[in-house]
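Subject: Structure handover

Hi,

Here is the structure I promised to pass on to you. Please open it next to this email, and I will walk you through what turned up.

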Amino acid sequence: MPETDSKRNFITEIIDEHKQTDRFQGQVHTRFPPEPNGYLHIGHAKSICLNFGLAQQYGGLCNLRFDDTNPATEEQEYIDAIIDDVRWLGYDWGDRLFFASDYFDQLYDMALELIRIGRAYVDQLSPEEIRAYRGTLTAPGIASPWRDRPVAENLALFEKMRAGGFQEGEAVLRAKIDMSSGNINLRDPVMYRILDTPHPRTGDAWRIYPMYDFAHGQSDSIEGITHSICTLEYEDHRPLYDWYLDNIEIPHPQQIEFARLNLSHTVLSKRKLIRLVQEGYVRGWDDPRLPTIAGLRRRGYTPEAIREFCDEIGVGKVKGVVALHKLEYHIRHDLNKRANRVMAVLNPLRVVIENYPEDLVEELDAINNPEDASAGTRKVPFSKVLYIEREDFMEDPPRKFFRLAPGREVRLRYAYFITCREIIKGAKGEVIELRCIYDPETRGGSAPDGRRPKATLHWVSAAHALEAQARLYDTLFTVENPDADRDQDFTAFINPHSLQVVDPALVEPSLATAQPGDRFQFERLAYFVVDADSTGERLVFNRIVTLRDQWKKQQKKKPRRRKQRRAKRAQS
């Protein structure tokens, strides 16, 4: 039974009813059935978490099964990637790794049985004619002239299809159901087609391959699946799955449909993801801007955050779009607990502390993670010349800017209070250096007299900082729904600033031993992960997600307050 109310939904209510009535002998056996024609994305993660989660919730089993019925689009690369992704998310299928191709012989025998009982026939209409004869939502279909072939002729022609006696497109096997059905899926759907393409697992053993709709329900039945969880687009296919199972007379799983995940500012169509990869909009399937699980992993997302996200959005029947910030919330929440804090400067401004001894270098204690006392502390070097973020200084600051400005005192994280005394500018009038003084009585960030600056800045020592590359990722699209505009291709909304590279970024020397996959919070900036492109000589960091910026919030609120004040004056 479900452990908590948060895991209850319309699917668990159906399963609970089945257990009460002893349907399926009280068993729960689910499966995750990806097609190996691309990489998995965040929408698949929802299905993975749901199927494996239900099995765990009810003490049942979950299979991983590849529906590999179309060798023209399938590759071993995709199979390997899917296995890695499901395992990375934290799920295990034990010895229950299956493929629809495992059942090709059984499926073929099932097709022969449907021919023998007069429920299937070989059709020699062209693909274009089949589509035209199928009819529309408002007009019934037209029967093929080959629909009433004798059973013996159909058996002989189907064997000829298998033996290579036809070319691609010259013949198909169709189910004989109802060409006037209101459900177009029941208008004599194709069961088998000819493909002159080697299969990743069966090689050249077959020249005919079952359609997904023919293989899907039977594969579930063969594996003893009790609850076949699908997304809503398969709801209209359920009568067809039931028709096959009824006519072949094999056990029925219970198919249950739920609304698929749609995420803002991205696309989850495999066809469109393939275009983004093949047309060079991104740098492969694991590009951190993509919603693929491989991309999210390289971006620095954790499996725990993705599972929590999937659990929070739940399952339902209503289609909708989930805002990207909900996913970002969960990775922030997760990394806040686990990511060590470090200091890095992405847009450096040189600071010289004039009254600090020339050759002195101090090793200051810095807290690794205030959320985890067991993470301990580290040493960071402090010296006369530092770098701070350029955005942390303003020559003529507005009223609520509390960071460094001429004559103003601020705290340096873990170090001292400093006061800006002089601005050095370049030939074009740009600020290139600040001359400051420090208060030696404020080591560690506190003053004996109790004074407390309003701002604390991060910094790195110029002599000790490591040069690295920081890749700042943003949303791949500039609009919430790239598919909404019917008059423009979705690629018209690609964000030209979805990747900005900072090189060099300056990071504290404790990161010299960081390894690919290590995650950190660059204090006051964002969460970052070490990318696989890193070498022993130079680190590459991917920005996972930004931190909340209170200053920007204040700037955004200003115009609103001004409008309110103007409105009040107008009323008076």
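Let me begin with strand β6, which is joined to strand β7 (residues 208-210) by three bridges, the two running antiparallel. Within that pairing, I194 has I208 of β7 as its bridge partner. Strand β5 (residues 172-175) also pairs with β6, again in the antiparallel sense and over three bridges. Strand β6 (residues 190-194) is mostly covered, as four of its five residues are buried. For the terms: two strands count as paired if DSSP finds at least two bridges between them. Helices (H or I, at least four residues) and strands (E, at least two) are DSSP runs, numbered from the N terminus. Buried means under 20% relative accessible area, exposed means over 50%, and partly exposed is in between (1.4 Å probe, protein chains only).

A word on where this comes from: it is a predicted model, in which local features need pLDDT of at least 70 and side-chain atom pairs count only at pLDDT 80 or more, while totals for chains, interfaces and linings use all residues. Residues are numbered from 1 along each chain as its sequence is written, and side-chain values use heavy atoms, with hydrogens and water left out.

Next, another sheet to look at. Seven strands form an open sheet with mixed pairing, in the order β19-β16-β17-β18-β12-β15-β20. Its edge strands are β19 (456-457) and β20 (460-461), each of which pairs on one side only. Strand β16 (residues 409-412) runs parallel to β19, and two bridges join them.

Now to the charges. The structure holds 45 salt bridges, a salt bridge being a side-chain nitrogen of Lys or Arg within 4 Å of a carboxyl oxygen of Asp or Glu.

- R65 and D67 form a salt bridge whose closest N and O atoms are 3.5 Å apart. Both R65 and D67 are buried. These two also belong to a network of salt bridges that links R31, R65, D67, D220 and E223.
- E153 and R149 form a salt bridge with the closest N and O atoms 2.7 Å apart. E153 counts as partly exposed because its relative accessibility is 35%, whereas R149 counts as buried, at 10%.
- R298 and D286 meet through their side chains in a salt bridge (3.2 Å, N to O). This pair links distant parts of the chain, 12 residues apart: R298 is in helix α10 (residues 293-299), and D286 is in the loop between α9 (270-278) and α10. R298 is partly exposed, at 22% relative accessibility, and D286 is partly exposed too, with a relative accessible area of 28%.

Which residues gather in a patch of negative charge on the surface? They are E75, E77, D80 and D84. Such patches are made of residues with over 30% relative accessible area and no salt bridge, with like charges joined within 9 Å (for nonpolar side chains, Val, Leu, Ile, Met, Phe, Trp and Tyr, the limit is 5 Å). D84 sits in helix α3 (residues 76-88), and its relative accessibility of 41% is why D84 counts as partly exposed.

Finally, some backbone details. Most residues other than glycine have a negative phi, and most peptide bonds are trans. With that in mind, have a look at these:

- D503 and P504 are joined by a cis peptide bond, with omega about 10°. P504 is found in strand β22 (residues 499-507).
- E249 is a residue other than glycine with a positive phi, near 65°. E249 lies in the loop between α8 (238-248) and β9 (254-258) and is exposed, with a relative accessible area of 70%.
- H265 is not a glycine either, yet has a positive phi of about 60°. H265 lies in the loop between β9 and α9 and counts as partly exposed, at 24% relative accessibility.

Key:
Accessible areas come from the Shrake-Rupley method with a 1.4 Å probe; for residues, only the protein chains shown count as cover. Lys and Arg count as positive and Asp and Glu as negative; His and the chain ends are not counted. The place of a charge is taken as NZ of Lys, CZ of Arg, CG of Asp or CD of Glu.
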